[in-house]
Amino acid sequence: MYENLDRTLLKQVGTSAKRLDITEKLTGEALYASDMVLPGMLYAKIKQSPHARAKIVSIDTSKAEALEGVRAVLTGEELDYRLGLYVVDKYILAKGEVRHYGEAVAAVAAETLAIAKRAVDLIEVEYEVLTPVLNHMDALKEDAPLVHPDLGSYDYIKAVFTPIPGTNIANLTKLRKGDVQQGFSDAAYIVEREYDNPSVQHVPMETHVAIVKWGLGDRVTIHTSAQSPFTVRNLFCRTFGLPLNKVRVVIPYVGGGFGGKAGIHIEPLAACLSKKAGGLAVKFQATREEEFSLLPCRSALTYRIKTGVSEEGKILAQRMDMYWDAGAYADYAVNVTRASGCSASGPYEIPNAWVDAYTLYTNKPYGTAYRGFGHVEFHWGIERHMDLVAHTLGMDPLEFRRLNALRPGSITLTGEKITEHTGDVIACMDAAAKAIGYGKKTKAERQREKETGLKIGKAVAILQKAPAMPSNTATAAIVKMNSDGTVCVTIGLTDIGQGSTTALAQIVAERLGFRLDQVYVKVEKDTDSDPYDWQTVASKGLVMSGNACILACKDLLEKGYRVASHVLKACEDDLSHDAEAVYVRHDPENRIPWPKIAIGYAYPDGMSIGGPLIGVGSYIAQGLSNLNKETGQGKPALDWTFGAHGIICEVNPVTGEYAVRKIASAFDVGKVVNPQLLRGQILGGMLQGLGTAMCEGYIYDEKGHLLNPSFTDNKIPTSKDLPFEVEAIAVENVQIDGPYGARGVAEHPMISVAPALGNAIFQAVGADLSHMPIRAEDVWRAMEDRKPIDNWITKTPIGSCRSVPVSGSHLPSRAMEP
């Protein structure tokens, strides 16, 4: 929408407006769910399982119930409700069997948090420990214990997902394009390898918090730190069999989410405690340790890639097998599998492709959405693999990518045709490469190597992602004019830190022709008063909510012009307006100020026309479809955002210690709405990507106990870990159906940071890495494991191919000149 407007005429879109919520957040005035205290509120605590898999023999809650100040105690036997976004497979409290370390088996609501903690300690649970499934690859074995023996009886969304009863497969996504067997037969080289990464935690600044009051007449009010109010309401009502108008969900300021707060988690438990406590509000706030062990994480992935290429370096065929660790419950993991499966090749054109993407149950904390929605994980494999294939051919990795990257006319894995307006991944790649001086070392860099003994490597990795969402995803916006001519905007999209409040205010101000200080976008969300939005996920908010806001502004202006035309005695088509008034274009002095018509116009004799000016805009994803379950063909993408990271890394060739000197990140954002917000998104995502690349990951012992459920042993990067230099680059190829040509970029800065780092380390010292995170000892081990070139490269005649051995490290590419 309005993508072709002369950019020099834009007054709000494209400017670095200050975040509208910055004062409230910096001064502490912003109210979060964790700050809230309601009259008579109780505090909840849970009893967690110390085992990864065990039968619950008995639970004795008598001592807890007898403790003064305890108002409610619950166990799973009292709650016959199941939860689930796509596969309904989870009890509110474990019932009969615990399926992961840290799972809640009992809960208490008490008058103080201290009493609740003491009560939980008094609950006695007897377990019969069972053999757990701890490795997702073991979950596929015929003799593997079934995490969910009753999988065949669960409800699930049949149009999209395919659980396989009698197995640990929660979902299988398949994609078939072209003739893979023929493609491999035609290949001059075949390269295959396996890549993997562990589960990691979202670690939002604010942990999960919910305050729930189950009132009279089954009227339930939920205050929560969730990302998506309407999803919480819909899933809550589905679980308890309540009509939607009985449940109100309120979301105040949210201290980060990154996908971990996208579904429904602790709200049903707090609701059940409230109901048992006679309707008193109950607050449950997860501790940091509970955030790691009770609540969901990012799924682990093992990714096997087999690629056939021609002598010239053109990819002819690729087989991709993804094995996602769902943990104990399906939650979002099945949709991560679906979204990653249809984008598994990364931003490359593969004429012949085969994808099998499995979601596998294990006895570990369950997986959910995480910034990038699976793309961080599989791009680690794809972009390391593309470098490997390039080295196999003796090609510059950048030129290999240029030869195979998507471009106008290319066909994606799902059969979508790339156009001039889809975005330009090659432009992003070239921008990132130029920013790091790819392919050569400067005089200063050579001198630094000489003086320090460190080795410098430079590399690039590219990326793509489209919003992962249903084909009927919809949203709405309401723009209401106040009696002084200012406007208030209400939307269902939640600002969890991404800056959508500010960006949407700029879009509204631009479309109305108002000053930014005339526009207020409501931060708090309330399902009773705000218009519907599907979810705050998938980088779809700017496009969809932005378009809804434009349409709401259009509606408001049309209503205002209708009233003004009567007052000014002019045709509506002859009217125009500015921030202060509506006027006749050929007679600008003939005008009526907005406050005069904002809530209705009164003539001098008292007769009135019009009424409150309220604009409503609704927007739904257009042209999307479900994917064919057998072939994966269809149109799942609202839009594509492409990008690239370039990294300069220096490595100690003896110890494997390394440091990132520079990251340059380029994204085709269509149109920049707010340059400063974009830079913040890029830097934040880049640093988060470095965390998963360098140090983050769950570690378990042989019994499934999580060994690092806190920041003591599960480190995340801080501002001190920023590279010495960062550069954020915007490429602008307008998105035709985006607001003023914009497309989303919230998740993308995190994607492909890890492979860019892995590729740079390889360029520096030849350490070949296929596992995240990349610690100094991993680099050292990889350097010690180097093999001569004859052990890893095999050239075969066309039509008589065999796999190339790829274990160990390889010689550096020719891309880096001395």
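Is R319 buried, partly exposed or exposed? R319 comes out as partly exposed, at a relative accessible area of 28%; here buried means under 20% relative accessible area, exposed over 50%, and partly exposed in between, with a 1.4 Å probe and protein chains only. A note before the views: this is a predicted model, where local features need pLDDT of at least 70, side-chain atom pairs count only at pLDDT 80 or more, and totals for chains, interfaces and linings use all residues. Residues are numbered from 1 along each chain as its sequence is written, and side-chain values use heavy atoms, with hydrogens and water left out.

**View 1. R319 and its partner D356.**
D356 pairs with R319 in a salt bridge, the closest N and O atoms being 3.5 Å apart. The two sit in distant parts of the chain, D356 in strand β18 (residues 353–361) and R319 in strand β17 (residues 315–327), 37 residues apart. For the record, a salt bridge is a side-chain nitrogen of Lys or Arg within 4 Å of a carboxyl oxygen of Asp or Glu, while helices (H or I, at least four residues) and strands (E, at least two) are DSSP runs, numbered from the N terminus. D356 has 7% relative accessibility, so it counts as buried.

**View 2. K45 meets E290.**
Searching the whole structure turns up 42 salt bridges, and one of them joins the side chains of K45 and E290 at 3.4 Å, N to O. K45 belongs to strand β1 (residues 42–48) and E290 to helix α7 (residues 288–293), so this pair ties together parts 245 residues apart in sequence. Both K45 and E290 are buried.

**View 3. K662 meets E727.**
Here the side chains of K662 and E727 form a salt bridge at 3.0 Å, N to O. Because K662 is in strand β32 and E727 in strand β33 (residues 725–731), the pair ties together parts that are 65 residues apart in sequence. K662 counts as buried, at 8% relative accessibility, whereas E727, at 30%, counts as partly exposed.

**View 4. Helix α18 and its buried face.**
In α18 (residues 776–784), the buried residues are D778, V779, A782 and M783. Look down the axis of α18 and these buried residues fall within an arc of 135°, so they line one face of the helix; the arc is that of the directions from the helix axis to the C-beta atoms. They pack against β31 (641–651), β32 (658–668) and α17 (753–765), where contact means heavy atoms within 4.5 Å.

**View 5. Helix α8, covered along its length.**
Nine of the nine residues of α8 are buried, among them R338 and N335. The buried residues of α8 pack against β9, β17, β18, β19 (367–368) and α9 (375–393).

**View 6. The second largest pocket.**
β9 (169–177), α5 (229–240) and α8 (333–341) each supply at least two lining residues, and α5 gives the most, with five.
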